Structure formats: structure tokens, C-alpha cells
Amino acid sequence: YVALLSLHYFFYKNKNYSFENYIWIFVIFLLTIFIGFRYEVGGDWIIYERYFNNIPNITFQNFSISTVFFLINKLAYHTNTQFIGVNFICSLIFMISLAIFLKNSENKWLALTISYPVIIVILAMGYTRQCLAFSFCLLLIKSLEDKSLLRSFVYIILSILSHKSSLFFTSFLLF
């Protein structure tokens with residue numbers, strides 16, 4: 001948290017856009033590693049680890065959790081990256097979507113610093129499927145800002161297929 005706050009202060013005072021972009025990519029990468037390679041951390045760890053261990057017995061016709069999460073688990077299983085692979089793929093999707101969402105904000109370092117305690121530590125490290133749905137919702141909001149209706153529909157469908165709580169975000173498409 002202090003490092004992010006320091007980067008905000010540093011780049012607020014010193015405008016060096018090329019150096020800032022390299023540091024931005026490095027910080028996003030570090031946060032992806034931080035979230036993705038956690039072990040036995042999170043409110044849903046035990047449930048989803050059991051789900052991953054049972055993935056050879058689950059077919060596409062009888063899966064009980066979300067479609068997107070099912071496919072990520074299948075990918076991690078077939079690449080032999082274990083449950084850490086599932087977390088890493090989800091954290092990669094999350095951090096890329098957060099970076100895209102914050103990229104053009106007036107002060108992306110301050111926004112990332114504010115996002116750190118709740119969105120990154122609690123949501124991303126605590127609740128995998130909800131974080132995955134939130135990632136697609138961030139991309140949904142960004143695509144609505146860019147006035148891309150087709151991408152918006154794709155992101156809302158991916159979000160709903162990640163977690164049913166994102167049905168709330170379908171109201172964004174109406175506005």
C-alpha cells in the first residue's frame with residue numbers, strides 16, 4: 001500500500017510517461033503474481049480446491065459452477081498447473097481488466113492505491129469467481145464508455161457465466 005502511494009506521489013510530481021508505463025506494467029505483473037500464487041488464502045479456497053480436484057469427473061453437461069470458471073479449471077487441469085494455475089489465470093484476467101479500466105483515468109496510481117485494500121486484497125484474494133465476474137464487469141463499463149455495444153454484450157455474458165450476482169450489471173446496458 002505504501003509502495004503504491006509512493007508511486008502515486010512520485011509520478012504526480014515527475015511526469016515521465018515512458019518510464020511510468022514500464023513501472024505500471026511491472027506493478028500490474030507483481031500484483032498478478034501476488035494474487036495468483038497465493039496458497040490457502042481466501043474465503044472460497046477449500047470449496048474451489050475440492051472442485052478442482054473433482055474436475056476429471058465433471059463433464060461439460062453436468063458441471064454445477066459457472067461456465068467460465070469450469071473452463072479455467074479444465075485448462076489448469078490439462079496444463080497440470082494445479083489449483084494455483086486456476087488462481088493465476090483468474091488473477092491475470094482480473095489485473096488486466098483493472099489495468100485497462102484504470103489506464104486512461106486522470107490519476108491511475110491513486111485509483112490503484114485506493115483499489116488495493118478492498119478490491120485487490122479482499123475481493124481478488126478472497127473470492128475467486130466473484131472477482132472473475134467483477135473483472136468482466138469492469139470491461140463492460142469500459143466498453144460502454146467506448147460506446148461499443150457488441151463488446152458490452154460479450155462482457156456481460158462472460159460476467160454472468162462467471163457468477164450469477166453480476167446479473168445486476170445488465171441494468172447498465174439499458175442506460
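User: What does buried mean for a residue, and at what relative accessibility does T32 stand?

Analyst: A residue is called buried when its relative accessible area is under 20%, and exposed when that value is over 50%. In this predicted model, T32 has a relative accessibility of 4%, so T32 counts as buried. T32 lies in helix α2, which covers residues 17-36.

User: Which residues does T32 touch, leaving aside those up to four places away in sequence?

Analyst: Contacts of this kind show what a residue meets beyond its own stretch of chain, and for T32 they are F88, S91, L92 and M95. A related reading comes from C90, which is 58 residues from T32 in sequence, while the C-alpha atoms of T32 and C90 are 9.1 Å apart in space.

User: Is Y12 buried or exposed by the cut-offs you gave?

Analyst: Y12, whose place is in helix α1 (residues 2-13), has a relative accessibility of 52% and therefore counts as exposed.

User: How can I compare the length of helix α4 with what it should span?

Analyst: The expected span is 1.5 Å times one less than the number of residues. Helix α4, residues 67-78, has twelve residues and should therefore span 16 Å, and its end C-alpha atoms are 16 Å apart, which agrees.

User: Which residues of α4 are buried, and what covers them?

Analyst: The buried residues of α4 are T67, V68, F69, F70, I72, N73 and A76. The cover over these buried residues includes α3 (45-53), α5 (82-103), α7 (128-145) and α8 (149-160).

User: How do the axes of α3 and α4 cross, and which residues meet there?

Analyst: To read a pair of helices, take the distance between their axes, then the angle, and then the residues in contact. The axes of α3 and α4 come within 10 Å and cross at roughly 60°, which makes α3 oblique to α4. The crossing is right-handed, and in it Y48, Y51 and F52 of α3 meet F69, F70, N73, A76 and Y77 of α4.

User: At what angle do the axes of α4 and α5 cross?

Analyst: The axes of α4 and α5 come within 8 Å and cross at roughly 130°, so α4 is oblique to α5. This crossing is right-handed. On the α4 side the residues are F69, I72, N73, L75 and A76, and they meet Q82, G85, V86, I89, C90 and I93 in α5.

User: How are α5 and α6 directed relative to each other?

Analyst: An angle over 145 degrees counts as roughly antiparallel. The axes of α5 and helix α6 (residues 108-126) come within 11 Å and cross at roughly 150°, and α5 and α6 are therefore roughly antiparallel to each other. The contact is made by F94, L98, L102 and K103 of α5, together with K108, A111, L112, I119, I120 and A124 of α6. The crossing of α5 past α6 is right-handed.

Terms used:
Residues numbered from 1 in each chain as written. Predicted model: local features only at pLDDT ≥ 70, side-chain atom pairs only at ≥ 80, totals over all residues. Heavy atoms only, no water. Helix = DSSP H or I, 4+ residues; strand = E, 2+ residues; numbered from the N terminus. Buried < 20%, exposed > 50% of the residue type's maximum accessible area, 1.4 Å probe, protein only. Contact = heavy atoms within 4.5 Å. Axes fitted to C-alpha atoms, helices over the stretch in contact; angles between N-to-C directions. Parallel < 35°, antiparallel > 145°, perpendicular 65-115°, else oblique. Left-handed = near helix turned anticlockwise from the far one by under 90°.
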